[in-house]
Amino acid sequence: MALINTYDGRLLLSETTVGAGAQVLLLAFLGTAIGLGPAGWLTGLAFGLATWAVLNRALLRTRTRTFGPANRVTLGRAILVGAVTALVADSFESSPPVSLFVGLTAVALILDGVDGKVARRTNTSTALGARFDMEVDAFLILVLSVYVSMSMGPWVLLIGLMRYVFVAAAKAMPWLNGSLPHSMARKTVAAVQGVFLLVAASGLLPYAMGFGLVALALGSLLWSFGRDIAWLFRNREGREGLTATATVHETVTVAVVAPAERRTAELVTS
């Protein structure tokens with residue numbers, strides 16, 4: 001039964017293994033170029049190993065037959081995020097070159113708009129691909145929040161932690177798993193988080209302007225989460241099960257299937 005016993009399974013695992021190898025090579029390049037310290041090496045390797053293990057498990061559980069071009073783009077972004085994570089971990093001992101840090105992060109952010117387009121154009125969109133993309137985005141925001149918080153204070157961590165806190169809260173309050181209506185405002189707020197954090201981290205702006213930009217990012221994120229949570233609370237009736245009945249003004253029964261992954265992807269990814 002296991003996909004790993006098939007040719008497709010071995011091919012999928014070979015692709016993720018190549019990605020893990022690329023992660024090690026990129027860390028080796030950083031070690032040669034800037035003298036990456038032990039903290040950076042250990043953190044980068046831990047990220048690469050965790051990505052390889054979790055992605056393989058997800059591929060085998062969903063019995064995905066082909067990795068697909070969009071997932072390859074996302075895997076490339078994950079490798080860049082691993083390098084950024086290593087640089088941030090190393091920054092607790094010595095500051096990384098700003099140009100290198102900004103360059104790697106900027107490419108990772110730019111590619112965020114590529115994998116979705118590739119999936120649509122090649123007709124290879126999958127739930128796994130969307131979740132993979134979401135997790136890479138969320139972790140990059142968390143890492144950037146950690147880096148910026150070292151100069152602006154721990155309050156910046158709220159930007160990176162908010163999505164994870166929401167997911168944890170949804171375990172105790174299932175109504176938070178409800179589906180939300182489409183919102184361009186939500187997508188825009190999610191998209192600007194990484195950009196604002198990167199601009200602040202780059203040091204291109206005076207401290208006061210950078211502080212204000214990050215505060216604006218946090219404020220807009222709180223507004224977006226608050227608005228969506230309020231909407232879910234008002235429409236929470238019947239959402240704790242797999243189905244929800246229509247209101248007294250409706251005459252049909254509406255089936256609601258709303259896993260936490262779909263809800264979180266709308267809040268955090270662009």
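The secondary structure of the protein, taken here from a predicted model, comprises 9 helices and 2 strands, and from the N terminus these elements follow the order α-α-α-α-α-α-α-α-β-β-α. Of the 270 residues of the protein, 44% count as buried.

Among the helices, α5 (residues 127-152) and α6 (residues 157-172) have axes that come within 7 Å and cross at roughly 150°; the two helices are therefore roughly antiparallel to each other, and their crossing is left-handed.

Side chains of opposite charge can pair when their charged atoms come close, and in this model the count comes to 8 salt bridges. In one of these, the side chains of D112 and R77 meet at 3.6 Å, N to O; D112 lies in helix α4 (residues 98-121) and R77 in helix α3 (residues 69-90), so that the pair ties together parts 35 residues apart in sequence. D112 counts as buried at 14% relative accessibility, and R77 likewise counts as buried, at 0%. R77 also forms a salt bridge with D115 (3.3 Å, N to O), a pair that again links helix α3 to helix α4, across 38 residues. A further salt bridge joins D228 and R186 (2.7 Å, N to O), linking helix α8 with helix α7 (residues 184-202) over 42 residues, and both of these residues are buried. Through salt bridges that share partners, R77, D112, D115, D133 and D137 are joined into one network.

On the surface, L204, L205 and M209 form a nonpolar patch with about 320 Å² of accessible area together. M209, which is found in helix α8 (residues 207-234), is exposed, with a relative accessible area of 51%.

Methods
Residues numbered from 1 in each chain as written. Predicted model: local features only at pLDDT ≥ 70, side-chain atom pairs only at ≥ 80, totals over all residues. Heavy atoms only, no water. Patch = residues over 30% accessible without salt bridge, like charges linked within 9 Å, V, L, I, M, F, W, Y side chains within 5 Å. Areas by Shrake-Rupley, 256 points an atom, 1.4 Å probe, with all protein chains shown as cover. Salt bridge = Lys/Arg side-chain N within 4 Å of Asp/Glu carboxyl O. Helix = DSSP H or I, 4+ residues; strand = E, 2+ residues; numbered from the N terminus. Buried < 20%, exposed > 50% of the residue type's maximum accessible area, 1.4 Å probe, protein only. Axes fitted to C-alpha atoms, helices over the stretch in contact; angles between N-to-C directions. Parallel < 35°, antiparallel > 145°, perpendicular 65-115°, else oblique. Left-handed = near helix turned anticlockwise from the far one by under 90°.
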